[in-house]
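The sequence and the coordinates are shown first.

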Amino acid sequence: MQALLQAKKLTKHYGPVVALESADFEVTDGVTGLLGSNGAGKSTAIKLFLGLLRPTSGSMEVLGVETAQDVEVRARLGYMPEHDCLPNNVSAAEFLTHMAQVSGLPPSQARSRAADTLRHVGLFEERYRPIGGYSTGMKQRVKLAQALVHDPVLILLDEPTAGLDPGGREEMLDLVRKTHTEFGISLMLSSHLMGDVERTCDRIIVLEDGRVVRQGEVTGFTEELETLFIEVDDKRQEFISALRRLGVEATEEDSAVIIPKATEGTYETISRALVESEAPLRRLGPRRHALSEIFNDAAIPAQNGQPANQETAFGVSVSSGETGE
Amino acid sequence: MTSSTGAEPRQGREGRVFDLGYQRYEGQREGRWRARKAVYVDGLRIALGIGRGGRAKILPWLFVAVAIAVGLIFALNAGAVDRVVGEGAAEAADLPSHSDYYAFGAILLFLFAAVVGPELLCPDRHNRVINLYLVRPITSIDYVAARFLAFLTIMLVVAWLPQIVLLAGLAFGASQPGDYLVDNWQDIPKFLAAGAAIAVYTTSMGLAVAAFTTRRGYASVGLVGLFVISQFAAGILGEVASGATGEWLALISLSDVPLHINEIVFDTSDTLGGGQAARGLPTGVRVAAFFAFTLAAMGVLWNRYRRLTV
C-alpha cells in the first residue's frame with residue numbers, strides 16, 4: 001500500500017525546544033490517529049506535512065512529493081485546525097464555495113460541491129445563515145466541511161473534538177468515521193484523548209516528547225491483550241486454583257475471574273477447569289482492553305521492534321477522566 | 001383507463017428523491033492560478049461588502065457615492081457658470097477641474113484606504129481564516145499579492161470614476177461635446193496617471209499598516225495618525241529648517257507624497273498640504289520620493305507576509 005504521508009528521521013526544533021525528534025512513520029489509506037499529550041509534537045507534525053513549517057532535519061513526503069517544494073499538492077489535502085478559523089460575517093455556503101475555489105475548483109463546481117458537502121455534514125438547512133450565529137458543534141462541522149469540499153485524498157484533523165460537549169463529540173467522531181467509510185477519504189487525526197482514537201482509528205501513532213514511541217493497528221493494540229471475564233455462581237476459589245494448576249494466569253476482581261492474555265487454547269483450559277472445580281458457569285466473555293489500560297501496562301512489548309519503555313508507556317497515558325468517556 | 005378527452009391526470013409519474021451519497025470530484029482542478037484568482041475576487045467582494053451583511057456595504061458605497069458626487073458637483077458648477085455667464089467662462093474663472101480634484105479626492109481615498117483597506121487583511125488573521133488559505137495551493141505571498149491587487153482595483157475605480165464623471169459632465173455641458181474632448185483630451189492621461197499614483201500609494205500604505213495588527217480599528221487609526229502626524233511634522237520642519245534642508249524634510253509628509261505626482265502631471269501648485277516646502281525640490285527627486293515611499297510600503301507588506309506563520 002502506497003504511503004499517503006511519510007516521515008523519515010523528521011526533526012523540528014524551535015531553538016532549544018525539541019518539537020519532533022527523528023520521527024519515522026507512514027500514514028496509509030484509512031484513519032490514522034496521532035496520539036499524544038499536549039506538547040508531544042502532534043500539531044508540529046501536521047504543520048510540517050502541510051508545508052507550513054520547515055523541518056530542522058529529515059524529510060517528509062505527502063502523496064509522494066514534498067509540500068514545501070510543491071504547494072500544488074495541497075490541492076489534494078484537507079486540514080481541519082484545532083482552533084477557531086472561521087469568518088463570522090459570511091454564510092457557510094459562501095465560505096465553502098470560496099474555499100473550494102482556493103483549492104483550485106472552478107466556480108460552478110465549487111458552488112455545487114459546497115452545497116453537497118454541507119448536506120453531508122448536516123448543515124444543509126443552515127447553509128445561508130452567517131457562521132457567526134452557529135453553535136460550537138456547527139462550527140466544527142463547517143471546519144470539517146471546508147476540509148472536505150474539494151474532495152481531498154487525505155484530511156489532517158487537529159484535535160477535532162476539542163471544545164465539544166459529549167453529544168457533539170459523538171457526532172463529530174461519527175462524521176470522521178463516515179468520512180472514511182462512506183466517502184472513501186483517508187484521515188489522520190491528532191488527539192490527546194485515547195477514547196477518540198480507539199473509536200475512530202484503524203491505526204495509531206503515539207508521540208511523546210517529539211518521539212514516536214509506538215505505532216501499529218488499533219485492533220492489534222487491543223486484541224493482543226484480550227482479557228476474558230468469567231463469572232461463576234459458586235466455588236470461585238476452586239475454579240481459580242484449577243486454572244492456575246492448568247497453567248492459566250487468573251486473578252479475582254470483584255465477583256469475577258479475570259484471565260489476561262487469553263488465546264484460542266485458553267478456552268479449552270477454562271472448560272477443563274470448570275469441570276475439575278465443578279464451578280457453575282454464569283457468564284463468560286471477552287473484555288477488550290481500552291488503549292488507556294494498554295498504555296498503563298508497562299509489561300507490553302513495543303510495536304515494530306521498538307524497545308519497550310516503561311517510563312514512556314506511563315508518560316503517554318492520560319488521566320482516567322479522559323479515558324473514561 | 002383514460003378518458004376520451006385525454007384530460008385525466010397521468011398516472012405513475014411520481015417524483016422520487018435519490019440520495020446519491022458522497023460524490024467524488026472528477027472535474028478539473030485549476031491549481032494555484034484559480035486559488036490566486038479566488039482570493040483576488042474575494043478581495044473585491046470584501047472591499048465592497050458584497051456577500052456580507054448590510055452594514056459591511058454602507059461605508060465603501062458611501063465613499064464611492066461621495067467621490068462621484070464631488071466629480072458631479074465640479075461638473076455642474078462649471079456647466080452652470082458657462083450657461084449663465086457664457087461659453088468658456090468656467091475655464092476663465094479657473095473653477096475646480098481635473099487638476100484640483102485630487103486635493104479633495106486624495107483625502108477621500110486616504111480615508112477609504114484607512115477604513116476599508118484593513119478589512120481585506122485583518123479579519124483573516126484575527127479569525128485565523130488565514131490558516132485555511134495557507135494549507136491550500138497558495139503561498140502567503142500569493143495571498144497578499146491577490147489582496148493587494150483587489151484593493152488596488154477598487155482604489156483605481158474610486159480614484160478615476162469621479163474624474164470620468166467630471167470629464168463627461170464638462171463635455172456634455174459644452175455646446176459641442178466632441179470639440180471639448182478634442183481640445184481637452186490631454187486631461188485623460190493626466191488624471192489617469194495622477195489617480196493611479198494616489199491609488200497605488202494609498203493601497204500600499206493602507207495594507208502595510210494593516211499587516212501590523214489583526215484589529216481593523218487599530219489599522220485605521222494607525223494610518224490616519226501616520227498621515228496627520230507626518231503632515232504636521234513636515235509643516236513645522238519645513239518652516240523651521242530653511243533652504244534645501246527644509247525642502248527635503250518636507251518630503252516626510254506622507255499624505256502629500258502622491259500629490260507631488262498630481263502637481264507634476266498637471267503642472268500646478270495648489271494641492272499639497274503640510275509638505276509644501278518640498279515643492280522646491282527637483283521634479284526627479286519628488287518622483288523618486290513617491291516611488292521610494294510606495295516601494296517601501298510594498299516591501300514592508302511583503303516582508304510581513306513572507307514571515308507569516310500559523
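## Model and confidence

The structure is a predicted model. Its scores are ipTM 0.83 and pTM 0.80. For chain B, the mean pLDDT is 86, and 89% of the residues reach 70 or more. Residues 1-7 of chain B have a pLDDT below 50, and this stretch makes two contacts in the model beyond near neighbours in sequence.

## Architecture of chain B

Chain B contains 12 helices and zero strands. Its pattern along the sequence is accordingly written α-α-α-α-α-α-α-α-α-α-α-α. Of its 310 residues, 41% count as buried. Among the contacts in chain B that link residues at least 6 apart in sequence, 77% join residues at least 24 apart.

Helix 12 of chain B covers residues 283-306. This helix has 24 residues and spans 34 Å from its first C-alpha to its last, close to the 34 Å expected at 1.5 Å a residue. Which residues of helix 12 of chain B are buried? They are B:Arg286, B:Ala289, B:Phe290, B:Thr294, B:Ala297, B:Met298, B:Leu301 and B:Tyr305. The spacing of such positions may be read with a general rule in mind: an α-helix has 3.6 residues a turn, so residues three or four places apart point the same way. The cover over the buried residues of helix 12 of chain B includes helix 6 (140-173), helix 8 (187-210) and helix 11 (257-266) of chain B.

## The contact between the chains

The contact involves 34 residues from chain B and 35 residues from chain A. On the side of chain B that touches chain A, helix 1 (31-48) and helix 5 (130-134) of chain B each contribute at least two residues. Helix 1 of chain B provides the largest share of that side, with seven residues. Sorted by class, the side of chain B that touches chain A comprises 15 nonpolar, 10 polar and nine charged residues.

## Nonpolar cores

The largest nonpolar core has 152 residues, and those with the most contacts inside it are A:Leu96, A:Leu156 and B:Leu109. A second, separate core has 15 residues, among them A:Val257, A:Ile259, A:Ala273 and A:Ala279.

What does B:Leu109 touch, when residues up to four places away in sequence are not counted? Its contacts are B:Met155, B:Val158, B:Ala159, B:Ile198, B:Ala199 and B:Thr202.

## Strands 3 and 8 of chain A

Strand 3 of chain A (residues 31-35) pairs with strand 8 of chain A through four bridges, and the two run parallel. Within this pairing, A:Thr32 stands opposite A:Arg203, and A:Leu35 has A:Val206 as its bridge partner. Five bridges also join strand 3 of chain A to strand 7 (residues 186-191) of chain A, again in parallel; there, A:Thr32 is partnered by A:Met188. Because five of its five residues are buried, strand 3 of chain A is largely enclosed by the rest of the structure. Both of its faces are covered, with A:Val31, A:Gly33 and A:Leu35 on one side and A:Thr32 and A:Leu34 on the other.

Strand 8 of chain A (residues 203-208) is mostly covered as well, with six of its six residues buried. A:Arg203, A:Ile205 and A:Leu207 lie on one side, and A:Ile204, A:Val206 and A:Glu208 on the other. Six bridges connect strand 8 of chain A to strand 9 (residues 211-217) of chain A, and these two run antiparallel. A:Ile204 stands opposite A:Gly216 in strand 9 of chain A. Strands 8 and 9 of chain A form a hairpin with two residues between them, and A:Asp209 in the turn has a positive phi of about 50 degrees.

## Two single residues

A:Pro130 is located in the loop between helix 3 (107-120) and helix 4 (136-148) of chain A. It is partly exposed, because 16 other C-beta atoms lie within 10 Å. Apart from neighbours within four places in sequence, A:Pro130 is in contact with A:Asn88, A:Asn89, A:Val90 and A:Ser91. A:Pro130 and A:Lys9 are 121 residues apart in sequence and 44 Å apart in space, C-alpha to C-alpha.

B:Asp183 belongs to helix 7 (residues 177-184) of chain B. Is B:Asp183 buried or exposed? B:Asp183 counts as exposed, because it has 12 C-beta neighbours inside 10 Å. From C-alpha to C-alpha, B:Asp183 and B:Asp256 are 30 Å apart in space and 73 residues apart in sequence.

Methods. Residues are numbered from 1 along each chain as its sequence is written. Chains are lettered from A and ligands numbered from 1 in the order in which they are written. This is a predicted model: local features need pLDDT of at least 70, side-chain atom pairs count only at pLDDT 80 or more; totals for chains, interfaces and linings use all residues. A nonpolar core is a set of buried Ala, Val, Leu, Ile, Met, Phe, Trp, Tyr and Cys residues joined through C-beta atoms within 7 Å. A residue is buried if 20 or more other C-beta atoms lie within 10 Å of its own, exposed if 12 or fewer, and partly exposed in between; C-beta atoms are placed from the backbone. Two residues are in contact if their C-beta atoms, placed from the backbone, lie within 7 Å. Ala, Val, Leu, Ile, Met, Phe, Trp, Tyr, Cys and Pro count as nonpolar, Asp, Glu, Lys and Arg as charged, and the others, Gly among them, as polar. The expected span of a helix is 1.5 Å times one less than its number of residues. pLDDT is the predictor's confidence in each residue, from 0 to 100. Two strands pair if DSSP finds at least two bridges between them.
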